[in-house]
Amino acid sequence: MEGLKEQRMLDFVVENAVRGDPQSVVDTIDNFCRNKEWAMNVGDEKGLILDEVVKETDPLMVVELGTYCGYSAVRIARLLKPGARILTMEMNPVHASVARQMIEFAGVNNTVHVLEGSTADFIPQLKQNYGVDTLDFVFLDHWKDRYLIDTKLLEECQLLRKGSVLLADNVVYPGIPDFLEHVRTCGRYDCTNYPSRVQYMNKEDALEKAVFKGCL
Ligand SMILES: O=c1[nH]cnc2c(O)cc(-c3ccc(F)cc3)cc12
Ligand SMILES: [Mg+2]
């Protein structure tokens, strides 16, 4: 097996999925991860919960923290109405490159824009450099040590408004205790836990939804 797992995943999608069909890309990645090589996409089980929260939110402005190979960006984009936008941030240049190709293949590149670099740099730039007013939906799926810092940064940058929805992956495994403690006790969020399992494994995990109640 040459090269990186992520490159092999992209090759498998190009070989087996239907160009321009985001559902086929999602299904093919899940097939790859179940039957060939595990990878840390949010996956099909937690993906169904993600779908439900996206559909109930029906967002126009989405930010994703942690693109990886683009699976959840494609998964979210396939549910959005015309004019909706996803800005997704990825630190790892190889993953960002694979994600851009995955998003292009799925035909959602007019909806999804990959920002290569750190959330610490990009979040404070969203209003001025990316024309963002406030965010309707944020998917946190990057690194456990960044969830809380970045949530506070989103607040400080006035990017959240009453009703903004944060959805966090991995709150049980790998586990994000400081983030959970904050959103559940600071008084500014209404929280809901969605028990599930680690992608493609029989191990407990969960998603946490935190709806911002406004600054006052
Ligand atoms: O590092 C991660 N970032 C974002 N999402 C993740 C995710 O959904 C799962 C895991 C993960 C799960 C099981 C395991 F044995 C090893 C890593 C890591 C990340
Ligand atoms: Mg995750």
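Let's start at glutamate 208, which is found in strand β7. Keep in mind that this is a predicted model. Is glutamate 208 buried or exposed? Buried, with a relative accessible area of 2%. Its side chain has a partner, though. The side chain of glutamate 208 makes a polar contact with the side chain of arginine 184, at 2.8 Å.

Now the metal. Which residues coordinate the magnesium ion, ligand 2? Asp141 and Asp169 each give an OD atom, and Asn170 gives OD1. The distances run from 2.0 to 2.3 Å. Along the chain, the donors follow the spacing D-x27-D-N. Aspartate 169 has a relative accessible area of 0%, so it is buried. Asparagine 170 comes in at 11%, and that also counts as buried, because the cut-off is under 20%.

Stay with asparagine 170 for a moment. It sits in the loop between β5, residues 165-168, and α9. Its backbone deserves a look too. Phi of asparagine 170 is near 70 degrees, a positive value in a residue other than glycine.

Move on into α9. That helix covers residues 171-175, and proline 174 lies in it. What kind of peptide bond joins tyrosine 173 and proline 174? A cis one, with omega at about 5 degrees.

There is another positive phi to show you. Aspartate 58 has a phi of about 45 degrees, and aspartate 58 is not a glycine either. Where is aspartate 58 found? In the loop between α3, residues 43-57, and β1, residues 61-65. Aspartate 58 is partly exposed, at 36% relative accessible area.

For cysteine 69, the nearest cysteine sulfur belongs to cysteine 33, and it is 8.1 Å away. A disulfide needs the two sulfurs within 2.5 Å, so cysteine 69 is in none. Cysteine 69 is also buried, with a relative accessible area of 0%. Then cysteine 186. For cysteine 186, the nearest cysteine sulfur is that of cysteine 191, 7.5 Å away, and again there is no disulfide. Cysteine 186 counts as partly exposed, at 25% relative accessibility.

Which residues make the nonpolar patch of about 280 Å²? Trp38, Met40 and Met201. Pick out methionine 201. It lies in the loop between β6, residues 189-197, and β7, residues 204-212. Methionine 201 is partly exposed, with a relative accessible area of 36%. A patch residue needs over 30%, so methionine 201 clears that cut-off. And β7 is where we began, with glutamate 208.

One last stop, at glutamine 23. Glutamine 23 has its place in helix α2, residues 22-35. It is partly exposed, with a relative accessible area of 33%. How far apart are glutamine 23 and alanine 99? In sequence, 76 residues; in space, 16 Å from C-alpha to C-alpha.

The cis peptide bond joins tyrosine 173 and proline 174. Thanks, over to you.

Methods
Residues numbered from 1 in each chain as written. Chains lettered and ligands numbered in written order. Predicted model: local features only at pLDDT ≥ 70, side-chain atom pairs only at ≥ 80, totals over all residues. Heavy atoms only, no water. Patch = residues over 30% accessible without salt bridge, like charges linked within 9 Å, V, L, I, M, F, W, Y side chains within 5 Å. Areas by Shrake-Rupley, 256 points an atom, 1.4 Å probe, with all protein chains shown as cover. Salt bridge = Lys/Arg side-chain N within 4 Å of Asp/Glu carboxyl O. Helix = DSSP H or I, 4+ residues; strand = E, 2+ residues; numbered from the N terminus. Buried < 20%, exposed > 50% of the residue type's maximum accessible area, 1.4 Å probe, protein only. Donors = N, O, S within 2.8 Å, 3.2 Å for Na, K, Ca; no water. Polar contact = N/O pair within 3.5 Å; in protein donor to acceptor, adjacent residues only side chain to side chain.
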